[in-house]
Amino acid sequence: MGHVIVTARSLGWLLLSVVALMAVLGALVSPRWVVASPGDSGADSLGLSMRCRLMSRQPGPQPTAAPAPAPVPRAHCGPLPAGVSPGAWTGALVLLGAGAALAALAALAGLLGCCVHAVCGKSILGVCGAAQAAAGVLYLLGLALFAAGWGADRVRRLCGPDAAPFYLDSCSLGWASYSAAAGALLTLVVAVLSAPADRAARSDKVQERIYQGHTLVCIA
């Protein structure tokens, strides 16, 4: 008979795994990786596959006696045209996407690990930890390629002629860059935490509950 095993460590590992994955996925679809120097109402920005530009929109007709209001800047966001994105950023997108796919599979396997505890004789949480470690390495390589692409023409037009690999000149990093970096570091952390989570799922307390005939085993 199968057993459902849930421990505080395995549950914490799973929650942190999902948080790390969401941090990277949120960054991948955001255009706020590199942000130009802000003006009065905001700033243009670039992402790995998206961009945002501030464009002024003239208000509608006003009474002739009223002073003409200033144009209202609004952000227009969309995908980068083909061939515009720096080549290094395309590579970064591929590496980050591959890492996210691995991390997603690890999180899904960890969820199923409550019921399926081994695959081909290997602990499923141990396999998940190895997959997360590989995902973390892919994330770091992707972030390195992202920084190496700062000297591309598209980035120089936004940040200034002095922009170079690993130097943004007048631009700054947007929240998506920090989110991806935090997700990468947290992924490496949860890869390490998979080991104590696995030990907790195979502890003497768990085995004792199984021998007592419990099908659902919850250990704090």
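The protein chain holds six helices and nine strands, where helices (H or I, at least four residues) and strands (E, at least two) are DSSP runs numbered from the N terminus. The model is a predicted one, in which local features need pLDDT of at least 70 and side-chain atom pairs count only at pLDDT 80 or more, while totals for chains, interfaces and linings use all residues. Residues are numbered from 1 along each chain as its sequence is written, and side-chain values use heavy atoms, with hydrogens and water left out.

Of the 220 residues of the protein chain, 39% count as buried, a term that stands for under 20% relative accessible area, as against exposed for over 50% and partly exposed in between (1.4 Å probe, protein chains only). Among the contacts with a separation of 6 or more in the protein chain, 65% are between residues 24 or more positions apart, contact being defined as heavy atoms within 4.5 Å.

Two packed helices are described by the angle between their axes and the distance between the axes. For helix 1 (residues 8-28) and helix 3 (residues 124-148), the axes come within 13 Å and cross at roughly 25°; axes here are lines fitted to C-alpha atoms, for helices over the stretch in contact, and angles run from 0 to 180 degrees between N-to-C directions. Helix 1 and helix 3 are therefore roughly parallel to each other, since angles under 35 degrees count as roughly parallel, over 145 as roughly antiparallel, 65 to 115 as roughly perpendicular and the rest as oblique. On the side of helix 1, Trp 13, Ser 17, Leu 21 and Val 24 take part in the contact, and they meet Leu 125, Cys 128, Gln 132 and Tyr 139 in helix 3.

Trp 33 and Phe 146 form an edge-to-face pair, at 4.9 Å centre to centre and 65° between the planes. Because Trp 33 lies in the loop between helix 1 and strand 2 (34-35) and Phe 146 in helix 3, this pair ties together parts that are 113 residues apart in sequence. Trp 33 counts as buried at 0% relative accessibility, and Phe 146 is buried with a relative accessible area of 4%.

The rings of Trp 89 and Phe 146 have their centres 5.3 Å apart and their planes at 40°, so this pair is tilted. Since Trp 89 lies in helix 2 (residues 87-112) and Phe 146 in helix 3, the pair ties together parts that are 57 residues apart in sequence. Ring pairs link Trp 33, Trp 89, Phe 146 and Trp 150 into a cluster.

Definitions and conventions:
Rings of Phe, Tyr and Trp (its six-membered ring) pair if their centres lie within 6.5 Å; planes under 30 degrees apart count as stacked, over 60 as edge-to-face and the rest as tilted.
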